[in-house]
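The sequence and the structure are shown first, and a description by topic follows.

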Amino acid sequence: MCGIVGYVGGGQAAPILLEGLHRLEYRGYDSAGLALAEGDKLQVIKAAVRVGELRERVGDGHTAPVGLAHTRWATHGEPTDINAHPHTDAGGRVAVVHNGMLENAEELREELLAAGVTPGSETDTELLAHLIAAELDGTESLEDAVRAVLRRVDGAYGIAVLDATRPTELVVARDGSPIVLGIGDGEMFVASDVAALVRHTQRVVYLDDGELATISAGDYRTSTLGANRTAKTTTTVDVTDEDYRLGDYTNYMHKEIHEQPTAVRRAVLGRLDDRFATAHLGGLQQDARELRSFRSVKLLGCGSAYYVAQLGANLIEEWARIPADAEPASEFRYRNPVIDPDALYIAVSQSGETKDTLAAVQELKRKGGRVIGVVNAPGSTIARECGSGIYLHAGPEVSVASTKAVTNMTVCFAMLGLLLGRMRDLSVARGRGIVSALDALPKAIEDVLAAEEAIAEVAERFSWAARMFFIGRVWYWPVAREGALKLKEISYVHAEAYQAAELKHGPLALIDSGMPSVVLVGDDELLAKNVATLEQIKARGGPVIAVTNAEIPADLADAVIRVPRVHPELDPIVFTIALQLFGYHIATALGREIDKPRNLAKSVTVE
Ligand code: AGP
């Protein structure tokens, strides 16, 4: 999705802005650009190109100490040079970059046309530049001009504005799309994502919805759309530039798959209590009495986060015996849900910025629901909106295909299930089993990673397939869904997940020699049923790839991916990691651009 970077200080803005854009590339974009205040003129360079190409077009020799930059993911208008940001007014005085979407853009466009201003692009953002320039004619302050325009805007925005006649300041504002200020030494940064800032500073200030900030080299001030000053707290982020380095890996997905043992160790660090066989989750503000009072649990997320939510609901229901279920946040928010005052609602999100999940949280809060967040990105909008919750501690995840965050989400739900369970009827012995399985999990993940070559060999053998089934039952049904999603998003192979018992109700018709099935066979009480599923598929000539920790008849699988045993309810985690490697190696064999899958963005901040 779109990215914003801004700089005001003593250095040269251009290289800082370009480096910032490079850090935001992972979010997905189709064009890029920057604006610099050189003298009292704006220099704007933008095009439907990658950041590397933009860097070449910008070249050296720009000494401007202030500027803003953008990566665009098209919403209003095609990804073209003209629609790329920054946008300026007709006189070339005001430059604007914008994340989000204005809902009354047509109305504003008509108003400008009636006033004799013809926008050159199809974007809603350009309208803001014209309107702010018009306001500047009647006011002394850029902040006031921006505020006056934003009061007339409907929709979501994170914006940064530069006025060529005031080359010592930037004005930024947010409503529905994140803006973070980075505090340097005699210089200030601004971005839509801390990833663009951590090279320069760890000290950040998060703007809230409805807030504006004017930033200059040594200072910033914040206020509301109603012109009331606000007081902000500086946060030190626990992320450095090092966390974003690729090191010896060729792409971030592979790097992040291999970071999982460390990520899990970080997630459980200081949170497991062997003595009382429970978990301590310091981010939960609810006391024991409140945690015991919930009569049901509802988990909400999108994409992979939704599939993990399904697994999380299973863990909570199994261990705490509280009815629990999961729903895509994107459906929940639109269906006028009944909010149960006795339920605990949980919003799950790696980025903490997914628009649909955020909207579900806001709908819940508006109706008096009690909601916590299970989030990776500290200080993100969903984390702050929930106010209470569990951080994943997976470290920054750059790859569009989520891997280590998925694993840490499951681990966090396991700890929550353990905590809630031990407040109810989960026995000490069973609790201890879960604690020691969570302790042993990083080693089991290492064992899966050590089998990468064998998994890659299976993936390469089946990389001819244009379509695949992923089949799982109960605990392995969300794993099948996640495995299918991973494969389709990075390899573009059509992958469908089905519950094993559902095959006979229709999908079996699709089984033939051109449709391999990845069947997840756990060593549990459903083993015999799963062996019967293998037989059904083989009998119809379908190739079978079995992912298993059980003994299965050799003639029922064309390939076997072996995974270690950890714990009956935590085994789905290691199966998921095997499927990450399987999808990754199919995509690699097909020559896909792993970290930049087509049409996708890392964090989906539009509806
Ligand atoms: C995962 O591989 C996907 N790219 C995607 O489904 C993702 O999980 C989803 O967009 C939710 O993102 P979030 O966790 O940042 O909210």
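## Domains

The protein is divided into domain 1 (3–244), domain 2 (246–439) and domain 3 (451–592), with bounds that come from an automatic or database domain assignment. Between the C-alpha centres of domain 1 and domain 3 the distance is 46 Å.

This is a predicted model, in which local features need pLDDT of at least 70 and side-chain atom pairs count only at pLDDT 80 or more, while totals for chains, interfaces and linings use all residues. Residues are numbered from 1 along each chain as its sequence is written, and side-chain values use heavy atoms, with hydrogens and water left out.

## The ligand and its shell

The ligand has 15 residues around it, of which Ser349, Gln350, Ser351, Thr354 and Glu489 come nearest; a residue is near a molecule if one of its heavy atoms lies within 4 Å of it. Domain 2 (246–439) and domain 3 (451–592) each contribute at least three residues to this shell. At least two shell residues come from each of helix H9 (304–320) and helix H16 (477–491), and H16 gives the most, with 3 residues. Helices are DSSP runs (H or I, at least four residues), numbered from the N terminus.

By class, the shell comprises 6 nonpolar, 7 polar and 2 charged residues. Here Ala, Val, Leu, Ile, Met, Phe, Trp, Tyr, Cys and Pro count as nonpolar, Asp, Glu, Lys and Arg as charged, and the others, Gly among them, as polar.

## Atoms facing the ligand

Oxygen atoms of the ligand lie 2.4 Å from a polar side-chain atom of glutamate 489, 2.9 Å from a polar side-chain atom of lysine 486 and 2.7 Å from a backbone N or O atom of glutamine 350. The protein covers 91% of the 410 Å² of accessible area that the ligand has on its own, as computed by the Shrake-Rupley method with a 1.4 Å probe.

## Lysine 404

Lysine 404 belongs to helix H13 (residues 404–422). Why is lysine 404 counted as buried? Its relative accessibility is 3%, and buried means under 20% relative accessible area (1.4 Å probe, protein chains only).

The side chain of lysine 404 makes a polar contact of 2.7 Å with that of glutamate 259. Such a contact is a pair of N or O atoms within 3.5 Å; within protein, one must be able to donate a hydrogen and the other to accept it, and residues adjacent in sequence count only if both atoms are side-chain atoms. A polar atom of the lysine 404 side chain also lies 2.9 Å from the backbone oxygen of alanine 394.

Conventions
Buried means under 20% relative accessible area, exposed over 50%, partly exposed in between (1.4 Å probe, protein chains only).
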